[in-house]
Structures are given as C-alpha cells and as structure tokens.
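Hi,

Here is the structure I promised to pass on. Have a look at it first, and my notes follow below.

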Amino acid sequence: MATAAPSAASRIAVVTGASSGIGAATARQLAAAGYRVVLTARRKDRIETLAKEINAAGHSATAYQLDVTDRAAVDEFATAFKTVGVLVNNAGGALGADPVATGDPADWRQMYETNVIGTLNLTQALLPKLEASGDGTVVVVSSTAGHATYEGGAGYVAAKHGAHVLAETLRLEIVGKPVRVIEIAPGMVRTDEFALTRFGGDEEKAAKVYEGVAEPLTADDVADTITWAVTRPSHVNIDLLIVRPRAQASNTKVYRELS
C-alpha cells in the first residue's frame, strides 16, 4: 500500500479521481461539510498535497494511491474500513474524438475500464461497508454523454451510458437497503485536464471545446451539486441530476459568442 488508510468512521467519504478537477473540488466541499474524506487517485503527489491543504483548513483528509481498474488493489483498500458513509465514483475521462469508423479500440477499452469497471470495482468492494453504516450513499458521476449521443464521441458516450445503467440498475437491486444511489450528469465543464487529456495534450483542440462559451461549468459548480445531493436528508434520493451551463441546451447545441 502506498499510503496508510484512515481508521473507519461512519462519516467517511471516499472520492475517486481526487487528484484534480471535479474530484478534488468534491473532496474539498465534502470535507467542509463535515466528512472525513479519503482521496484516491493514481497520482500520489497530488492527493497528498490536497490532503495537506484540507487538513490545514481544519478539516479531515487522507490520501490513498489507488488505480480503480486494479481490482486486487481496490479489494485491499476496502479492508481498511468497517463502514463508509459516502462513495463518490468520479474517476473517469474521455480519450479521443474520432468517428466510429476510425476510433481507436484501445481508447474505447481504456474509457470503459475506467468509467465503468472502475466504478463497478469500488462499488462492489465498498457496498457492504456503505450498508453497514446504516445510511450510505453511492454517487456515480456520469455525464450528459451518458444520456444523449453526439458525433465523434461514441467511445466516451458508450462508457458513460454504461455508468448510467450501472447506477440505475443498482438502485433497483438494493431498494429497501439503507443505501442511496445518486447519479450526477454534468454537461460542459471546463477543468484544467479533461479536454487536454481527451486530445492528447493538444492545447489548441482543447481550447476549441470552450471557444466562445462565456461561462462553462466549473469543477466547483459540479462539486457543489454533488455535495448538495449527498447532504439531503437520508430519506431523500436524488436519482438523477443533469447540470449544464446556461449556454448549453444539449450536447450538440451550445451558444457561442464568436467575433
């Protein structure tokens, strides 16, 4: 294990993909809401820095290096807890924007492994801990891509549809147990890495995604939505919440102020 796991507590919130973007912002906001956050990601240095920041602010955070696609590592991670209050399945991402005819199967496979199998791994490993808390919450951060298709996005769309179906089916299967299943589906969110990663580090292509859009969503906007849903009374379940910037009416219709 790369980093010592925290002691168990019912107010623990595990956040995957916490090294940047929505994951990091969600960890900060859940910590401020009183949760003891466990930050997981592959990039150990980033989550350790974030944990120090959160702790310095008077909250509680622990960093734990983890690849969500490594089932053995996930299962070992889960043994550190007796109960968990919240699991935020945020790890994911997009690779490429090629049409179906020329899409790279390796990119498709990686997106499915991270967005779907990674979510499955953490959910399966921690579901007994969430149930043991007597008041657990599973959050799946999907995307509007999981609800509507668009050209050049089939690989990512397929993966996020998988994440959406996982959340929807899990909710049916565990009804009656003390665990909520919440899906948050963001639209256009401008973060430091999402588009840049999708286009293999091409800054020009990444910038064009947001060109002319005055106010895309920020990571904090989405984190605020996640935290709001998680902190509703226990009997209230936000099944699905789609959140977009005002300038985005659909995945394919965005208002851009171009000169």
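Strands β5 (residues 136-141) and β6 (residues 179-186) run parallel and are paired through six bridges. Strands here are DSSP runs of E with at least two residues, helices are runs of H or I with at least four, and both are numbered from the N terminus. I call two strands paired if DSSP finds at least two bridges between them. Within this pair, Gly136 sits opposite Val179 of β6.

Before I go on: this is a predicted model, where local features need pLDDT of at least 70 and side-chain atom pairs count only at pLDDT 80 or more, while totals for chains, interfaces and linings use all residues. Residues are numbered from 1 along each chain as its sequence is written, and side-chain values use heavy atoms, with hydrogens and water left out.

On its other pairing, β5 meets β4, again parallel, over four bridges. Asn89 has Val140 in β5 as its bridge partner.

β4 (residues 86-89) is worth a click. Val86 and Val88 point one way, Leu87 and Asn89 the other, and all are buried, that is, under 20% relative accessible area with a 1.4 Å probe, counting protein chains only. β4 also pairs in parallel with β1 (residues 12-15), through three bridges, and there Val14 is opposite Leu87.

Put together, seven strands make an open, parallel sheet in the order β3-β2-β1-β4-β5-β6-β7. β3 (60-65) and β7 (240-243) are at the edges with a single partner strand each, so one side of each has no neighbour in the sheet. Neighbouring strands are turned by 15° against each other on average, direction ignored; the axes are lines fitted to C-alpha atoms.

As for the whole chain, there are eight helices and seven strands. Of its 259 residues, 47% count as buried. The radius of gyration is 18 Å, which agrees with the value near 18 Å for a compact globule with 259 residues; it is taken over C-alpha atoms, and the globule rule is 2.2 Å times the number of residues to the power 0.38. Those C-alpha atoms fill a box of roughly 55 × 40 × 35 Å along the principal axes.

Cheers

Terms used:
Buried < 20%, exposed > 50% of the residue type's maximum accessible area, 1.4 Å probe, protein only. Axes fitted to C-alpha atoms, helices over the stretch in contact; angles between N-to-C directions.
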